[in-house]
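Please look through the notes below with the coordinates open. They are grouped by region.

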Amino acid sequence: MSLPVTSYYCTQCDFQGGDAGTWGIKEYVLPNGVRLGVHWQLG
């Protein structure tokens, strides 16, 4: 099974990059174990 990767391309300087850390569920885990979901988006 392969993991999806977000790729970045710049048409001005020809930069190319990417990572697998920009997808998935984001959450904070509090010291008491409570998990809080985080709403996020790429900017």
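Predicted model: local features only at pLDDT ≥ 70, side-chain atom pairs only at ≥ 80, totals over all residues.

1. Cys10 is partly exposed, because its relative accessibility is 27%; here buried means under 20% relative accessible area, exposed over 50% and partly exposed in between, with a 1.4 Å probe and protein chains only. Cys13 is exposed, since its relative accessible area is 52%. A disulfide is taken as a pair of cysteine sulfur atoms within 2.5 Å, and the count by this rule comes to zero. Cys10 is therefore in no disulfide under that cut-off: the nearest cysteine sulfur belongs to Cys13, 3.5 Å away.

2. Residues are numbered from 1 along each chain as its sequence is written, and side-chain values use heavy atoms, with hydrogens and water left out.

3. The protein has four strands and zero helices, and its elements run β-β-β-β from the N terminus on. These assignments are DSSP runs numbered from the N terminus, with at least four residues for helices (H or I) and at least two for strands (E).

4. Of the 43 residues in the protein, 2% are buried. Contact means heavy atoms within 4.5 Å. Among contacts between residues at least 6 apart in sequence, 5% join residues at least 24 apart.

5. β1 and β2 pair in the antiparallel sense over four bridges; two strands count as paired if DSSP finds at least two bridges between them. The two strands form a hairpin with six residues between them. Asp14 lies in the loop between β1 and β2 (16-19), and its phi is near 65°, a positive value in a residue other than glycine. Most residues other than glycine have a negative phi. Asp14 counts as exposed because its relative accessibility is 63%.

6. Which residues does Gly18 touch, leaving aside its neighbours within four places in sequence? They are Val5, Thr6, Ser7 and Tyr8. Gly18 lies in strand β2 and is the bridge partner of Ser7. Gly18 is partly exposed, because its relative accessibility is 48%. Its C-alpha atom is separated by 5.5 Å from that of Tyr8, 10 residues apart along the chain. For Val5 and Gly18, 13 residues apart along the chain, the C-alpha separation is 6.7 Å. Val5 is found in the segment before β1 (6-9) and counts as exposed, since its relative accessibility is 51%.

7. Strand β3 (residues 26-29) runs antiparallel to β4, and four bridges join them. Glu27 stands opposite Gly37 in β4. Five residues separate the strands in this hairpin, where Gly33 takes a positive phi near 95°.

8. How many salt bridges does the structure hold? There is one, counting a side-chain nitrogen of Lys or Arg within 4 Å of a carboxyl oxygen of Asp or Glu. Glu27 and Arg35 form a salt bridge, with their closest N and O atoms 2.7 Å apart. Glu27 is partly exposed because its relative accessibility is 34%, whereas Arg35 is exposed because its value is 55%.

9. Tyr28, Leu30, Val34, Leu36, Val38 and Trp40 make a nonpolar surface patch of about 520 Å². Patches are made of residues with over 30% relative accessible area and no salt bridge, with like charges joined within 9 Å and nonpolar side chains (Val, Leu, Ile, Met, Phe, Trp, Tyr) within 5 Å. Val38, one of the patch residues, is in strand β4 (residues 35-38). Val38 counts as partly exposed because its relative accessibility is 30%.

Key. Areas by Shrake-Rupley, 256 points an atom, 1.4 Å probe, with all protein chains shown as cover.
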